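Have a look at the structure shown below, try each task yourself, and then compare your steps with the worked solution.

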Amino acid sequence: MSAKSIQGPGGKKPASAATNLIAGGGAGMMEALVCHPLDTIKVRMQLSRRARAPGAPKRGFLKTGSEIVKRETPLGLYKGLGAVLTGIVPKMAIRFTSYEWYKQLLADKDGMVSGKSTFLAGLSAGVTEAVAVVTPMEVVKIRLQAQHHSMADPLDIPKYRNAAHALYTVVKEEGVGALYRGVSLTALRQGSNQAVNFTAYAQFREWLQEWQGTTDLPGYQTMFIGLVSGAMGPLSNAPIDTIKTRLQKTPAEPGQTAMGRIVAISSDMWKQEGSRSFYKGITPRIMRVAPGQAVTFTVYEYLKKVLEKGREMIPGGQYEE
């Protein structure tokens with residue numbers, strides 16, 4: 001893999017922090033609105049324990065989704081969306097801004113970034129977003145998604161009414177530390193996701209640019225390479241995500257350490273449900289993450305281009321952060 005310059009196309013200055021914040025945040029919001037139902041189905045599949053019942057029929061992606069719609073209305077697929085929208089704008093803003101910052105930090109004296117440095121920058125960006133935003137957001141989201149109540153029945157009152165109420169209830173009943181339950185697994189998942197994602201995306205983008213002899217790729221190509229690179233992360237870390245989901249769904253047992261809970265959950269899954277349980281929800285997760293990355297990179301590249309064009313039009317050619 002060849003080294004790439006931290007400079008933008010044509011030797012321009014790299015995108016400003018403000019551009020990464022705005023473009024990343026806008027891309028994240030669009031991704032959440034398009035893909036959240038797939039995430040709800042993924043969480044329900046990961047929390048399902050049907051494999052414990054002998055002869056229980058398999059419940060796949062479509063069956064799980066149709067049951068949610070039938071029992072809880074189509075709005076049931078958007079449970080936890082408030083928590084995601086609250087967190088996804090800062091999450092994406094932090095992801096792209098920190099990725100560019102880590103890339104510049106890891107660049108050599110000539111401003112070139114190797115494939116290894118791209119991988120490390122993606123890994124670091126994923127860990128940063130996991131600690132800063134993703135873990136608390138996912139604890140709240142998973143608590144909301146795990147509730148099997150119908151949103152059409154006003155008498156069916158759930159424990160957590162919305163994202164703000166879930167946040168308040170979790171902190172009140174379990175303490176602030178509960179919001180960081182599973183932070184090590186989340187950091188491992190986000191780090192490996194973004195390391196694979198950014199490395200694959202950068203490489204595919206470079207190949208297409210060289211093949212076509214251009215620095216600007218059309219939107220459909222950005223979407224395609226985002227889709228392919230986005231599918232690689234979930235395939236590499238599915239067991240981490242499944243264990244993390246179960247860890248964040250339930251309150252901690254008194255006197256049990258985080259590592260003790262992770263070992264207990266893993267052991268229980270292995271004994272009771274077999275090795276396949278670690279890959280529960282992999283279909284909707286790929287269907288959620290891959291299109292999500294396609295939307296994210298496409299919207300991000302588009303907004304970045306628009307914002308950078310505006311920055312270039314500043315009188316006197318000034319560079320503003």
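Helices (H or I, at least four residues) and strands (E, at least two) are DSSP runs, numbered from the N terminus. This is a predicted model, in which local features need pLDDT of at least 70 and side-chain atom pairs count only at pLDDT 80 or more, while totals for chains, interfaces and linings use all residues. Residues are numbered from 1 along each chain as its sequence is written, and side-chain values use heavy atoms, with hydrogens and water left out.

**Exercise 1. The overall layout**

Task: Find how many helices and strands the protein has, and in what pattern they follow along the sequence.

Solution. 
- Step 1: The protein contains nine helices and two strands.
- Step 2: Read along the sequence, they give β-α-α-α-β-α-α-α-α-α-α.
- Step 3: Next comes burial, where buried means under 20% relative accessible area, exposed over 50%, and partly exposed in between (1.4 Å probe, protein chains only). Of the 321 residues in the protein, 51% are buried.
- Step 4: For contacts, take heavy atoms within 4.5 Å. Among the contacts with a separation of 6 or more, 80% are between residues 24 or more positions apart.

**Exercise 2. How α4 meets α7**

Task: Describe the packing of α4 against α7 by distance and angle, and list the residues that make the contact.

Solution. 
- Step 1: Two packed helices are described by the angle between their axes and the distance between the axes. Axes are lines fitted to C-alpha atoms, for helices over the stretch in contact, and angles run from 0 to 180 degrees between N-to-C directions.
- Step 2: The axes of α4 (residues 115-145) and α7 (residues 219-249) come within 9 Å and cross at roughly 70 degrees.
- Step 3: Angles under 35 degrees count as roughly parallel, over 145 as roughly antiparallel, 65 to 115 as roughly perpendicular and the rest as oblique. α4 and α7 are therefore roughly perpendicular to each other.
- Step 4: On the α4 side, the contact is made by Thr-135, Glu-138, Val-139, Ile-142 and Arg-143. On the α7 side, Lys-244, Thr-245, Gln-248 and Lys-249 take part.
- Step 5: Sort these residues by class: Ala, Val, Leu, Ile, Met, Phe, Trp, Tyr, Cys and Pro count as nonpolar, Asp, Glu, Lys and Arg as charged, and the others, Gly among them, as polar. The contact divides into two nonpolar, three polar and four charged residues.

**Exercise 3. Buried or exposed?**

Task: Decide whether Gly-182, Val-170, Gly-233 and Val-176 are buried or exposed.

Solution. 
- Step 1: Gly-182 lies in the loop between α5 (163-174) and α6 (183-212). Gly-182 is buried because its relative accessible area is 9%. Beyond four places in sequence, Gly-182 touches Thr-135, Lys-244 and Leu-247.
- Step 2: Val-170 is part of helix α5 and is buried, at 0% relative accessible area. Leaving aside neighbours within four places, the contacts of Val-170 include Arg-143 and Tyr-160.
- Step 3: Gly-233 is in α7 and is buried, with 2% relative accessible area. Away from its neighbours up to four places along, Gly-233 touches Asn-193 and Val-196.
- Step 4: Val-176, in the loop between α5 and α6, is exposed, with a relative accessible area of 53%.
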